[in-house]
Amino acid sequence: MINKLIHIFKLAWAYLIRKATVLSYPPYQYTIEPTNVCNFKCDFCPQSDPEHHKRRPTGQLTVENLELFLKKRKEVNPGNKNINFTLDGEPFINKNMIKFVEMATKEGLFSRFASNGSLINPEKADLLAEAGPFVASIDFASDKNIFETIRSKKDNYEKLLENLRYLIKKAGENKNINLEINDITTFAGVDPEKSLKKMKTLFGTDFPPNVRFTTRQFHNFCGHLDLKDKEKRYRLCPYPWTQMAVTQTGDSVPCCRDTSARSILGNVFEDDIMTVWNGLKYRQFRQNLIDKKPELNAACKDCDLPYSGGGSKWKPGYIYRSLLRR
(Lines give C-alpha, C1' and ligand atoms only; values in the text may rest on other atoms or scores of the structure.)
Protein backbone atom coordinates (compact mmCIF):
# COMPACT_ATOMS: atom_id res chain seq x y z
CA MET A 1 0.00 0.00 0.00
CA ILE A 2 2.87 2.41 0.80
CA ASN A 3 4.38 1.88 -2.66
CA LYS A 4 0.94 2.51 -4.16
CA LEU A 5 0.44 5.78 -2.26
CA ILE A 6 3.94 7.01 -3.16
CA HIS A 7 3.29 6.19 -6.81
CA ILE A 8 -0.04 8.06 -6.81
CA PHE A 9 1.57 11.08 -5.08
CA LYS A 10 4.33 11.28 -7.72
CA LEU A 11 1.75 10.89 -10.47
CA ALA A 12 -0.47 13.65 -9.06
CA TRP A 13 2.50 15.99 -8.64
CA ALA A 14 3.64 15.49 -12.24
CA TYR A 15 0.17 15.67 -13.79
CA LEU A 16 -1.69 18.25 -11.68
CA ILE A 17 1.09 20.54 -10.41
CA ARG A 18 4.23 20.39 -12.55
CA LYS A 19 2.63 19.38 -15.88
CA ALA A 20 5.82 17.40 -16.45
CA THR A 21 6.72 15.59 -19.67
CA VAL A 22 9.61 13.58 -18.21
CA LEU A 23 8.30 11.39 -15.40
CA SER A 24 10.18 10.02 -12.39
CA TYR A 25 7.78 7.10 -11.99
CA PRO A 26 6.68 4.24 -14.26
CA PRO A 27 3.14 3.86 -15.65
CA TYR A 28 0.61 3.18 -12.91
CA GLN A 29 -1.87 1.17 -14.99
CA TYR A 30 -1.01 -1.42 -17.65
CA THR A 31 -3.14 -2.71 -20.49
CA ILE A 32 -1.97 -5.43 -22.85
CA GLU A 33 -3.96 -6.73 -25.79
CA PRO A 34 -4.54 -10.50 -26.18
CA THR A 35 -5.73 -10.01 -29.78
CA ASN A 36 -7.18 -7.38 -32.10
CA VAL A 37 -9.58 -9.89 -33.69
CA CYS A 38 -13.25 -9.84 -32.72
CA ASN A 39 -16.22 -12.06 -33.52
CA PHE A 40 -18.67 -9.13 -33.16
CA LYS A 41 -18.90 -5.90 -35.18
CA CYS A 42 -20.63 -3.54 -32.75
CA ASP A 43 -21.78 -0.19 -34.10
CA PHE A 44 -20.09 1.75 -31.29
CA CYS A 45 -16.72 0.01 -31.80
CA PRO A 46 -14.05 0.58 -34.49
CA GLN A 47 -14.24 -3.14 -35.27
CA SER A 48 -17.36 -2.30 -37.29
CA ASP A 49 -15.30 -0.07 -39.61
CA PRO A 50 -14.33 -2.00 -42.79
CA GLU A 51 -11.07 -0.02 -42.92
CA HIS A 52 -10.09 -0.87 -39.33
CA HIS A 53 -7.90 -3.87 -40.03
CA LYS A 54 -6.32 -2.24 -43.05
CA ARG A 55 -4.79 0.18 -40.56
CA ARG A 56 -3.89 -2.57 -38.09
CA PRO A 57 -3.14 -6.11 -39.31
CA THR A 58 -4.63 -8.79 -37.06
CA GLY A 59 -2.63 -10.96 -34.69
CA GLN A 60 -2.45 -12.49 -31.22
CA LEU A 61 -0.30 -12.09 -28.13
CA THR A 62 1.99 -15.04 -27.46
CA VAL A 63 2.77 -16.61 -24.09
CA GLU A 64 6.44 -15.74 -24.60
CA ASN A 65 5.72 -12.06 -25.20
CA LEU A 66 3.43 -11.86 -22.18
CA GLU A 67 6.22 -13.41 -20.08
CA LEU A 68 8.58 -10.74 -21.40
CA PHE A 69 6.10 -7.97 -20.66
CA LEU A 70 5.39 -9.20 -17.12
CA LYS A 71 9.14 -9.38 -16.46
CA LYS A 72 9.64 -5.79 -17.63
CA ARG A 73 6.64 -4.61 -15.64
CA LYS A 74 8.01 -6.25 -12.50
CA GLU A 75 11.37 -4.52 -12.97
CA VAL A 76 9.81 -1.04 -12.61
CA ASN A 77 7.80 -2.07 -9.51
CA PRO A 78 4.62 0.01 -10.01
CA GLY A 79 2.22 0.57 -7.12
CA ASN A 80 -0.72 -0.89 -9.01
CA LYS A 81 -1.24 -4.65 -8.85
CA ASN A 82 -3.87 -4.83 -11.62
CA ILE A 83 -3.34 -5.80 -15.23
CA ASN A 84 -5.88 -5.18 -18.00
CA PHE A 85 -6.14 -7.75 -20.79
CA THR A 86 -7.96 -5.58 -23.27
CA LEU A 87 -7.61 -2.94 -25.99
CA ASP A 88 -8.99 -4.03 -29.35
CA GLY A 89 -10.66 -7.36 -30.07
CA GLU A 90 -12.32 -10.13 -28.05
CA PRO A 91 -9.72 -11.55 -25.61
CA PHE A 92 -11.09 -15.11 -25.62
CA ILE A 93 -10.38 -15.49 -29.33
CA ASN A 94 -6.84 -15.96 -28.09
CA LYS A 95 -6.76 -19.61 -26.96
CA ASN A 96 -4.23 -18.71 -24.24
CA MET A 97 -6.45 -16.19 -22.45
CA ILE A 98 -7.05 -18.39 -19.40
CA LYS A 99 -3.30 -19.11 -19.22
CA PHE A 100 -2.69 -15.34 -19.32
CA VAL A 101 -4.85 -14.94 -16.20
CA GLU A 102 -2.92 -17.78 -14.55
CA MET A 103 0.38 -16.10 -15.41
CA ALA A 104 -0.80 -12.79 -13.99
CA THR A 105 -2.02 -14.49 -10.81
CA LYS A 106 1.40 -16.11 -10.29
CA GLU A 107 2.91 -12.62 -10.45
CA GLY A 108 0.53 -11.44 -7.72
CA LEU A 109 -1.59 -9.44 -10.17
CA PHE A 110 -5.36 -9.00 -10.38
CA SER A 111 -6.69 -9.44 -13.93
CA ARG A 112 -9.28 -7.23 -15.59
CA PHE A 113 -10.72 -7.61 -19.06
CA ALA A 114 -13.60 -6.52 -21.27
CA SER A 115 -15.32 -9.30 -23.20
CA ASN A 116 -18.49 -9.72 -25.23
CA GLY A 117 -19.01 -12.93 -23.21
CA SER A 118 -20.03 -15.08 -26.15
CA LEU A 119 -17.06 -17.44 -25.77
CA ILE A 120 -17.17 -17.76 -21.97
CA ASN A 121 -19.27 -20.91 -21.82
CA PRO A 122 -19.75 -22.79 -18.50
CA GLU A 123 -16.69 -25.00 -19.06
CA LYS A 124 -14.48 -21.99 -19.75
CA ALA A 125 -16.00 -20.10 -16.82
CA ASP A 126 -15.00 -22.94 -14.48
CA LEU A 127 -11.42 -22.92 -15.77
CA LEU A 128 -11.27 -19.15 -15.53
CA ALA A 129 -12.38 -19.22 -11.90
CA GLU A 130 -9.52 -21.62 -11.14
CA ALA A 131 -6.98 -19.39 -12.93
CA GLY A 132 -7.20 -16.59 -10.35
CA PRO A 133 -9.19 -13.52 -9.34
CA PHE A 134 -10.50 -11.27 -12.10
CA VAL A 135 -13.04 -8.63 -13.08
CA ALA A 136 -14.89 -9.28 -16.34
CA SER A 137 -16.74 -6.35 -17.90
CA ILE A 138 -19.39 -7.73 -20.26
CA ASP A 139 -21.92 -5.80 -22.35
CA PHE A 140 -25.51 -7.00 -22.60
CA ALA A 141 -28.91 -5.43 -23.30
CA SER A 142 -32.46 -5.45 -22.02
CA ASP A 143 -33.85 -5.85 -25.53
CA LYS A 144 -32.94 -8.67 -27.92
CA ASN A 145 -33.69 -6.76 -31.12
CA ILE A 146 -31.63 -3.75 -30.07
CA PHE A 147 -28.80 -6.05 -28.96
CA GLU A 148 -28.68 -7.88 -32.30
CA THR A 149 -28.92 -4.65 -34.27
CA ILE A 150 -26.15 -2.84 -32.36
CA ARG A 151 -23.84 -5.85 -32.26
CA SER A 152 -24.52 -6.98 -35.86
CA LYS A 153 -24.82 -10.53 -34.59
CA LYS A 154 -27.94 -12.67 -34.88
CA ASP A 155 -28.82 -15.64 -32.67
CA ASN A 156 -26.34 -14.79 -29.91
CA TYR A 157 -28.63 -13.13 -27.36
CA GLU A 158 -29.91 -16.32 -25.72
CA LYS A 159 -26.45 -17.90 -25.77
CA LEU A 160 -24.93 -14.90 -24.00
CA LEU A 161 -27.85 -14.76 -21.56
CA GLU A 162 -27.15 -18.36 -20.53
CA ASN A 163 -23.40 -17.69 -20.25
CA LEU A 164 -24.07 -14.71 -17.98
CA ARG A 165 -26.57 -16.60 -15.83
CA TYR A 166 -23.96 -19.29 -15.25
CA LEU A 167 -21.26 -16.71 -14.46
CA ILE A 168 -23.54 -14.99 -11.94
CA LYS A 169 -24.33 -18.33 -10.30
CA LYS A 170 -20.62 -19.19 -10.23
CA ALA A 171 -19.76 -15.78 -8.77
CA GLY A 172 -22.00 -16.58 -5.83
CA GLU A 173 -19.85 -19.67 -5.16
CA ASN A 174 -16.39 -18.34 -6.01
CA LYS A 175 -15.05 -14.91 -5.01
CA ASN A 176 -12.42 -15.06 -7.77
CA ILE A 177 -15.21 -14.05 -10.16
CA ASN A 178 -16.16 -10.37 -10.24
CA LEU A 179 -18.63 -9.23 -12.88
CA GLU A 180 -19.64 -5.89 -14.34
CA ILE A 181 -22.62 -6.40 -16.65
CA ASN A 182 -23.20 -3.29 -18.73
CA ASP A 183 -26.45 -2.33 -20.45
CA ILE A 184 -25.75 -1.09 -24.00
CA THR A 185 -29.43 -0.58 -24.89
CA THR A 186 -29.04 3.16 -24.26
CA PHE A 187 -26.99 3.39 -27.47
CA ALA A 188 -30.39 3.16 -29.20
CA GLY A 189 -31.71 6.09 -27.15
CA VAL A 190 -33.90 4.27 -24.63
CA ASP A 191 -34.40 5.41 -21.05
CA PRO A 192 -31.30 4.21 -19.13
CA GLU A 193 -32.94 3.73 -15.74
CA LYS A 194 -35.87 1.71 -17.07
CA SER A 195 -33.65 -0.34 -19.36
CA LEU A 196 -31.18 -1.22 -16.61
CA LYS A 197 -34.00 -2.29 -14.31
CA LYS A 198 -35.48 -4.45 -17.08
CA MET A 199 -32.11 -6.06 -17.85
CA LYS A 200 -31.52 -7.01 -14.20
CA THR A 201 -34.84 -8.87 -14.07
CA LEU A 202 -33.51 -11.24 -16.75
CA PHE A 203 -31.10 -12.62 -14.15
CA GLY A 204 -33.29 -12.74 -11.06
CA THR A 205 -33.60 -10.51 -8.01
CA ASP A 206 -30.86 -11.55 -5.61
CA PHE A 207 -27.22 -11.09 -6.62
CA PRO A 208 -23.90 -11.70 -4.83
CA PRO A 209 -21.88 -8.58 -3.94
CA ASN A 210 -19.24 -9.38 -6.57
CA VAL A 211 -21.79 -8.86 -9.38
CA ARG A 212 -22.92 -5.39 -10.36
CA PHE A 213 -25.03 -3.96 -13.17
CA THR A 214 -24.29 -0.63 -14.84
CA THR A 215 -25.35 1.47 -17.80
CA ARG A 216 -22.61 1.63 -20.44
CA GLN A 217 -21.07 5.08 -20.92
CA PHE A 218 -20.00 5.53 -24.53
CA HIS A 219 -17.00 7.46 -25.82
CA ASN A 220 -16.02 8.05 -29.42
CA PHE A 221 -12.92 5.81 -29.68
CA CYS A 222 -10.68 8.64 -30.91
CA GLY A 223 -13.17 9.71 -33.57
CA HIS A 224 -15.07 6.53 -34.51
CA LEU A 225 -18.36 7.99 -33.23
CA ASP A 226 -19.74 11.49 -33.69
CA LEU A 227 -20.91 12.37 -30.19
CA LYS A 228 -22.67 15.69 -29.77
CA ASP A 229 -22.06 16.55 -26.12
CA LYS A 230 -18.69 18.30 -26.49
CA GLU A 231 -17.98 21.36 -24.34
CA LYS A 232 -15.73 24.29 -25.18
CA ARG A 233 -13.69 24.00 -22.01
CA TYR A 234 -10.47 22.00 -22.43
CA ARG A 235 -9.29 19.56 -19.76
CA LEU A 236 -5.90 17.89 -19.66
CA CYS A 237 -6.24 14.16 -20.33
CA PRO A 238 -4.62 12.13 -17.51
CA TYR A 239 -3.90 8.97 -19.52
CA PRO A 240 -0.34 9.76 -20.75
CA TRP A 241 0.62 10.41 -17.11
CA THR A 242 -1.09 7.34 -15.64
CA GLN A 243 -1.23 4.37 -17.99
CA MET A 244 0.49 2.45 -20.76
CA ALA A 245 -1.48 0.42 -23.28
CA VAL A 246 0.34 -2.20 -25.32
CA THR A 247 -0.81 -3.92 -28.51
CA GLN A 248 -0.27 -7.61 -29.21
CA THR A 249 2.87 -6.64 -31.18
CA GLY A 250 4.35 -4.69 -28.26
CA ASP A 251 3.59 -1.21 -29.58
CA SER A 252 2.86 1.28 -26.81
CA VAL A 253 -0.15 3.53 -27.44
CA PRO A 254 -1.28 6.37 -25.14
CA CYS A 255 -4.51 4.86 -23.84
CA CYS A 256 -7.12 2.14 -24.18
CA ARG A 257 -9.21 4.36 -26.47
CA ASP A 258 -6.58 4.21 -29.21
CA THR A 259 -7.66 0.81 -30.49
CA SER A 260 -6.48 1.66 -34.01
CA ALA A 261 -2.95 2.46 -32.74
CA ARG A 262 -3.00 5.91 -34.29
CA SER A 263 -0.18 7.07 -31.99
CA ILE A 264 2.60 4.54 -31.52
CA LEU A 265 5.01 5.85 -28.89
CA GLY A 266 7.52 2.99 -28.74
CA ASN A 267 7.69 -0.78 -28.39
CA VAL A 268 8.04 -2.45 -24.99
CA PHE A 269 9.00 -5.84 -26.44
CA GLU A 270 12.08 -4.15 -27.93
CA ASP A 271 12.90 -1.54 -25.23
CA ASP A 272 12.39 -1.37 -21.49
CA ILE A 273 9.30 0.36 -20.10
CA MET A 274 11.00 3.51 -18.78
CA THR A 275 12.87 4.04 -22.06
CA VAL A 276 9.54 4.11 -23.90
CA TRP A 277 7.70 6.01 -21.12
CA ASN A 278 10.20 8.89 -21.18
CA GLY A 279 11.12 8.63 -24.83
CA LEU A 280 10.91 11.58 -27.21
CA LYS A 281 7.56 10.49 -28.68
CA TYR A 282 5.89 10.20 -25.25
CA ARG A 283 7.37 13.53 -24.09
CA GLN A 284 6.16 15.36 -27.20
CA PHE A 285 2.75 13.70 -26.90
CA ARG A 286 2.37 15.05 -23.34
CA GLN A 287 3.65 18.49 -24.33
CA ASN A 288 1.05 18.81 -27.08
CA LEU A 289 -1.70 18.12 -24.53
CA ILE A 290 -0.20 20.59 -22.03
CA ASP A 291 -0.14 23.22 -24.80
CA LYS A 292 -3.84 22.50 -25.47
CA LYS A 293 -3.06 21.21 -28.94
CA PRO A 294 -4.54 17.70 -28.93
CA GLU A 295 -4.97 17.94 -32.70
CA LEU A 296 -1.20 17.44 -33.03
CA ASN A 297 -1.55 13.92 -31.62
CA ALA A 298 -3.10 11.43 -34.05
CA ALA A 299 -4.90 9.59 -31.24
CA CYS A 300 -6.23 12.80 -29.67
CA LYS A 301 -7.24 15.04 -32.56
CA ASP A 302 -10.78 13.60 -32.80
CA CYS A 303 -11.12 12.26 -29.25
CA ASP A 304 -14.03 13.52 -27.16
CA LEU A 305 -12.39 13.12 -23.74
CA PRO A 306 -10.74 16.57 -23.33
CA TYR A 307 -14.10 18.22 -24.11
CA SER A 308 -16.39 15.65 -22.51
CA GLY A 309 -18.05 17.97 -20.03
CA GLY A 310 -17.85 18.64 -16.33
CA GLY A 311 -18.79 16.47 -13.43
CA SER A 312 -16.87 14.70 -10.74
CA LYS A 313 -14.58 12.69 -13.04
CA TRP A 314 -12.28 15.70 -13.53
CA LYS A 315 -11.96 16.55 -9.84
CA PRO A 316 -8.61 15.63 -8.21
CA GLY A 317 -10.39 13.77 -5.39
CA TYR A 318 -12.26 11.57 -7.84
CA ILE A 319 -9.09 10.82 -9.83
CA TYR A 320 -7.26 9.94 -6.60
CA ARG A 321 -10.03 7.60 -5.37
CA SER A 322 -10.29 6.00 -8.80
CA LEU A 323 -6.56 5.23 -8.88
CA LEU A 324 -6.60 3.98 -5.31
CA ARG A 325 -9.33 1.45 -6.17
CA ARG A 326 -7.33 0.00 -9.06
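Leu-161 counts as buried because its relative accessibility is 9%, where buried means under 20% relative accessible area, exposed over 50%, and partly exposed in between (1.4 Å probe, protein chains only). This is a predicted model, in which local features need pLDDT of at least 70 and side-chain atom pairs count only at pLDDT 80 or more, while totals for chains, interfaces and linings use all residues. Residues are numbered from 1 along each chain as its sequence is written, and side-chain values use heavy atoms, with hydrogens and water left out.

Leu-161 sits in helix H7 (residues 157-173); helices (H or I, at least four residues) and strands (E, at least two) are DSSP runs, numbered from the N terminus. Leaving aside residues up to four places away in sequence, Leu-161 touches Phe-140, Leu-202 and Phe-203, a contact being heavy atoms within 4.5 Å. Leu-202 is 41 residues from Leu-161 along the chain, with 8.2 Å between the C-alpha atoms.

Val-190 belongs to the loop between strand E5 (177-183) and helix H8 (192-201). With 30% relative accessibility, Val-190 is partly exposed. Again not counting residues up to four places away in sequence, Val-190 is in contact with Ile-146, Thr-185 and Ser-195. Val-190 and Ile-146 are 44 residues apart in sequence, and their C-alpha atoms are 10.0 Å apart.

**Salt bridges and a buried arginine**

There are eleven salt bridges in the structure, each being a side-chain nitrogen of Lys or Arg within 4 Å of a carboxyl oxygen of Asp or Glu. Here are three of them.

| Pair | Closest N to O distance |
|---|---|
| Arg-216 and Asp-139 | 3.1 Å |
| Lys-301 and Asp-302 | 3.2 Å |

Arg-56 is buried at 7% relative accessible area, and Glu-33 is buried at 0%.

Arg-216 and Asp-139 also form a salt bridge. That pair joins distant parts of the chain too, 77 residues apart, with Arg-216 in the loop between strand E6 (211-215) and helix H9 (239-242) and Asp-139 in strand E4 (residues 134-140). Asp-139 is buried, with 8% relative accessibility.

In the salt bridge of Lys-301 with Asp-302, Lys-301 is partly exposed at 48% relative accessible area, and Asp-302 is partly exposed at 41%. Elsewhere, salt bridges that share partners join Glu-33, Arg-56 and Asp-88 into one network.

Beyond residues up to four places away in sequence, the contacts of Arg-73 include Tyr-30, Leu-109 and Ile-273.

**Cysteines**

How many disulfides does the structure hold? The number is zero, a disulfide being a pair of cysteine sulfur atoms within 2.5 Å. For Cys-256, the nearest cysteine sulfur is that of Cys-255, 5.5 Å away. Cys-256 is partly exposed, with 31% relative accessible area. The sulfur of Cys-300 is too far for a bond because the closest cysteine sulfur, in Cys-237, is 6.4 Å away. Cys-300 is buried, at 12% relative accessible area.
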